[in-house]
Amino acid sequence: MGEPHNYRTVGYSMIMVAASLVVIALLYLAIGDDVLYSDRVGKQKQFEYNQQLEQIKQEQEAQGKNLSLDLNEDMKVTNP
């Protein structure tokens, strides 16, 4: 019986590992010393989201619609 060899598969796997290490190195070079990159991006997105909410609220108030619930209002609830 012949001894089975998977040299081709192992070679492709080594190429994939090397490529992933190159991608990680390129990301490290791109980000550089900014170790809080993801934190900064998250805070920026949260700030943009809050600005959009504020803008929507102002548009609703300009149209005369109030999105908040007045606790003094009587809620009309029907039970089936």
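This note goes through the helices, the surface and the charged pair of the structure shown above.

1. The model is predicted, with local features needing pLDDT of at least 70 and side-chain atom pairs counting only at pLDDT 80 or more, while totals for chains, interfaces and linings use all residues. Residues are numbered from 1 along each chain as its sequence is written, and side-chain values use heavy atoms, with hydrogens and water left out.

2. The secondary structure of the protein consists of two helices and zero strands, where helices (H or I, at least four residues) and strands (E, at least two) are DSSP runs numbered from the N terminus.

3. Helix 1 covers residues 7-31, and its 25 residues reach 36 Å from the first C-alpha to the last, close to the 36 Å expected at 1.5 Å a residue; the expected span is 1.5 Å times one less than the number of residues. Just after helix 1, G32 takes a positive phi of about 70 degrees.

4. Helix 2 covers residues 37-62, and because its 26 residues should span 38 Å at 1.5 Å a residue, the 38 Å between its end C-alpha atoms agrees with that expectation. Just after helix 2, G64 has a positive phi of about 90 degrees.

5. How many of the residues of helix 1 are buried? The count is zero among its 25 residues, and helix 1 is hardly covered, where buried means under 20% relative accessible area, exposed over 50% and partly exposed in between (1.4 Å probe, protein chains only). Of the 80 residues of the protein, 1% count as buried.

6. The protein exposes about 8300 Å², of which carbon and sulfur atoms supply 59%; accessible areas come from the Shrake-Rupley method with a 1.4 Å probe, and for residues only the protein chains shown count as cover.

7. V22, L26, Y28 and L29 make a nonpolar surface patch of about 470 Å². Patches are made of residues with over 30% relative accessible area and no salt bridge, like charges being joined within 9 Å and nonpolar side chains (Val, Leu, Ile, Met, Phe, Trp, Tyr) within 5 Å. L26 is found in helix 1 and counts as exposed because its relative accessibility is 53%.

8. A search of the whole structure finds one salt bridge, which is defined as a side-chain nitrogen of Lys or Arg within 4 Å of a carboxyl oxygen of Asp or Glu. D39 forms a salt bridge with K43, with the closest N and O atoms 3.7 Å apart. Because D39 and K43 are four residues apart in helix 2, they are separated by about one helical turn. At 36% relative accessibility D39 counts as partly exposed, whereas K43, at 55%, counts as exposed.
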